[in-house]
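Hi everyone, thanks for coming. Let's take a few minutes to walk through a structure together, so please have a look at the screen.

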Amino acid sequence: MAFGSLGSSHSRPNAEINTTPLVDVMLVLLVIFILTAPLFTHTVKLDLPRAAHRTDPQPPPAVTLSLDAAGALFWDNAALAESELAPRLATLAAQQPQPELHLRADRETRYERIAQLMAAARNAGVNRIGFVTDPQPAATH
């Protein structure tokens, strides 16, 4: 066996990885997990209350109020006179649970008219108002 001297310039660094410390750490972790695993299965006995299975009622169907460019009103796609709007909104507000009012307006409709419809619905007691829009088609370049 030949051993290099301290002053030898021909020695190269050792490129092998010493895996002994890695194996030692893994064995210690294995022992720790083996000792602590029974602690994870420890349960606390609780006498919890039982709840009766109850299905949630289905929400009522939404009502659609449409306004075209000429200013004509439509209640669920049926023509509606301006004088009939307030009683219909009051009936809608009185329902429990209250259906949602979907407001659809033509693109050319003035915002003032839409604000008047929203104010009328709010004054009648309608709490849930949603706006229906058409998504823009994807732009093609």
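**Helix 2 and its surroundings**

Let me start with helix 2: its buried residues pack against strand 1, strand 2, strand 3 (78-80), strand 4 and helix 3. Contact here means heavy atoms within 4.5 Å, and buried means under 20% relative accessible area, exposed over 50%, and partly exposed in between, with a 1.4 Å probe and protein chains only. Helices (H or I, at least four residues) and strands (E, at least two) are DSSP runs, numbered from the N terminus.

A word on what you are looking at: this is a predicted model, in which local features need pLDDT of at least 70 and side-chain atom pairs count only at pLDDT 80 or more, while totals for chains, interfaces and linings use all residues. Residues are numbered from 1 along each chain as its sequence is written, and side-chain values use heavy atoms, with hydrogens and water left out.

So which residues of helix 2 are buried? They are Leu85, Leu89, Leu92 and Ala93. These residues sit on the same side of helix 2, because they cover an arc of only 95° around the axis, taken from the directions from the helix axis to the C-beta atoms. On the face turned away from that buried side, you'll find the exposed residues Ser83 and Ala94.

Now to the largest nonpolar core, which has 16 residues. A nonpolar core is a set of buried Ala, Val, Leu, Ile, Met, Phe, Trp, Tyr and Cys residues joined through side-chain atoms within 4.5 Å. Leu65, Trp75, Leu85 and Leu101 have the most contacts inside this core. At least two residues each come from strand 1 (63-67), strand 2 (73-75), helix 2 (82-94), strand 4 (101-105) and helix 3 (111-124). Helix 2 gives the largest share, four residues. Leaving aside neighbours within four places in sequence, Leu85 is in contact with Leu65, Leu73, Trp75, Leu80 and Leu117.

Thr64, in strand 1, is buried, with a relative accessible area of 17%. Not counting residues up to four places away in sequence, Thr64 touches Phe74, Trp75, Asp76, His102 and Arg104. Gly130 lies in strand 5 (residues 129-131) and is buried too, at 12%.

Finally, is Val25 buried, partly exposed or exposed? Val25 lies in helix 1 (residues 20-40) and counts as partly exposed, because its relative accessibility is 47%.
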